[in-house]
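Hi everyone, thanks for coming. I'd like to walk you through a structure today, so please have a look at it with me.

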Amino acid sequence: MREVFTNHTKALYPWMKNLSSRVYQYAFRNLGEAFKRFFKGLGKYPRFKKKGRSDSFTIDNCGKPIELNGWSHKLPFIGIVKTYEPIEATTKKITISRQAGDWYLSCSYEWNPTTTPKKTDVVGVDLGVKTLATLSDGKVFESVKSYRRFETKLSRMQYRNRNKEIGSANWRAAQLKIARLHIKVANIRKDALHKLTTYLAKNHGTVSIEDLNVSGMLRNHKLAKSIADQGFYEFRRQLGYKCQWYGSELVVVDRFFPSSKTCSHCGHVQDMPLNVRTYDCPECGLSIDRDLNASINLRDAVGLTVNACG
Ligand SMILES: [Zn+2]
């Protein structure tokens, strides 16, 4: 395969000569991995790359480590590159990718996380539609609703773009603007989620969350947009690795546990339609915010049922 590439394909595309051979080496290595996964039944048949579509490449320093320090970096084959954020890392290889006209640098490096002192033993977290998360100690993380905030702007941009000739310079410029807005929305969402999961994992010995049936909920269209907006899957993924980093335990409560329907004071169970925001218990007279009630139940469920992970 490599011979065919070097003797045949490379000759057809003069721009390929300008690239470092290390770039091709990683491209072939990735392709090999992709085929391995495909034959094991783990992945789909590899698809062709195309210039201009999810562009990325990987380089190394021929076995020597690459030192990244500060804002300005000397990269092998490329030369000096400046970044918007300071980086401090020693790594073996770097992947450079392009997203909506911006260039990103990513690498893996060793980092030893340390267990942090915990303020609270157990915290229950209820992920909401109205709010991002409600904690059993009463703390509330407001939802950023990043997508809805920019929804009108996005659809206006898409509408204005409707008559432009596909592939023309005007069309490309407009598409780039749209892509940038999409990334901005995603970044606002990411930031809020990272702040929440870091706070939870750093300050609590055990974090108890509900195992949400996200795909089932996404089929409910009224809820779908809010849930996609809040990124429940990503929440759980981040919490998983951050709990490992900071030495806390993640407990995932069975999805059939009636966290919203149960009174957190006396255990009475009643139906709670989504539009009812307050839990009013007819048994003990407790009147409490719906999400707070659910998060207290999740906290108290730790040690009762549950399959622990992380
Ligand atoms: Zn009650």
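Let me start with a question: is the crossing of helix 4 and helix 7 left-handed or right-handed? It is right-handed. The two axes come within 9 Å and cross at roughly 40°. On the helix 4 side, the contact is made by Leu193, His194, Thr197, Thr198, Leu200, Ala201 and Lys202. Helix 7 brings Glu234, Phe235, Gln238, Leu239, Lys242, Cys243, Trp245 and Tyr246. If you sort the residues of this contact by type, you get eight nonpolar, four polar and three charged.

Before going on, a word on confidence, as this is a predicted model. The chain averages a pLDDT of 83, and 90% of the residues score at least 70. The stretch to watch is 305-310, where the pLDDT is below 50; beyond near neighbours in sequence, that stretch still has 17 contacts in the model. Where pLDDT is low, the predicted coordinates should not be read in detail.

In soluble globular proteins, nonpolar side chains tend to be buried together. Here, the largest nonpolar core has 24 residues, and the members touching the most others are Val125, Val207, Ile209 and Leu239. Which elements each supply at least two residues of this core? They are strand 6 (120-127), strand 7 (131-135), helix 4 (169-203), strand 9 (204-210), helix 7 (232-246), strand 10 (249-253) and helix 8 (290-301).

Setting aside residues up to four places away in sequence, Leu239 touches Thr197, Leu200, Ala201, Val207, Ile209 and Leu250.

Glu283 sits in the loop between strand 11 (278-280) and strand 12 (287-289). Why does Glu283 count as exposed? Because it has 12 other C-beta atoms within 10 Å, and a residue is called exposed at 12 or fewer. Leaving out neighbours within four places in sequence, Glu283 is in contact with Cys263, Cys266 and His268. Asn30 is 253 residues from Glu283 along the chain, and their C-alpha atoms are separated by 62 Å.

Next is Pro14, in the loop between helix 1 (2-12) and helix 2 (21-39). Pro14 is exposed because there are 8 other C-beta atoms within 10 Å. From Pro14 to Gln99 it is 85 residues in sequence and 25 Å in space, C-alpha to C-alpha.

Finally, Tyr84 lies in strand 3, residues 79-91. With 6 other C-beta atoms within 10 Å, Tyr84 is exposed too. Trp71 is 13 residues from Tyr84 in sequence, and their C-alpha atoms are 6.8 Å apart.

Terms used
Residues numbered from 1 in each chain as written. Predicted model: local features only at pLDDT ≥ 70, side-chain atom pairs only at ≥ 80, totals over all residues. Core = buried A, V, L, I, M, F, W, Y, C linked by C-beta atoms within 7 Å. Buried ≥ 20, exposed ≤ 12 C-beta atoms within 10 Å, placed from the backbone. Helix = DSSP H or I, 4+ residues; strand = E, 2+ residues; numbered from the N terminus. Contact = placed C-beta atoms within 7 Å. pLDDT = per-residue confidence, 0-100. Axes fitted to C-alpha atoms, helices over the stretch in contact; angles between N-to-C directions. Left-handed = near helix turned anticlockwise from the far one by under 90°. Nonpolar A, V, L, I, M, F, W, Y, C, P; charged D, E, K, R; others polar.
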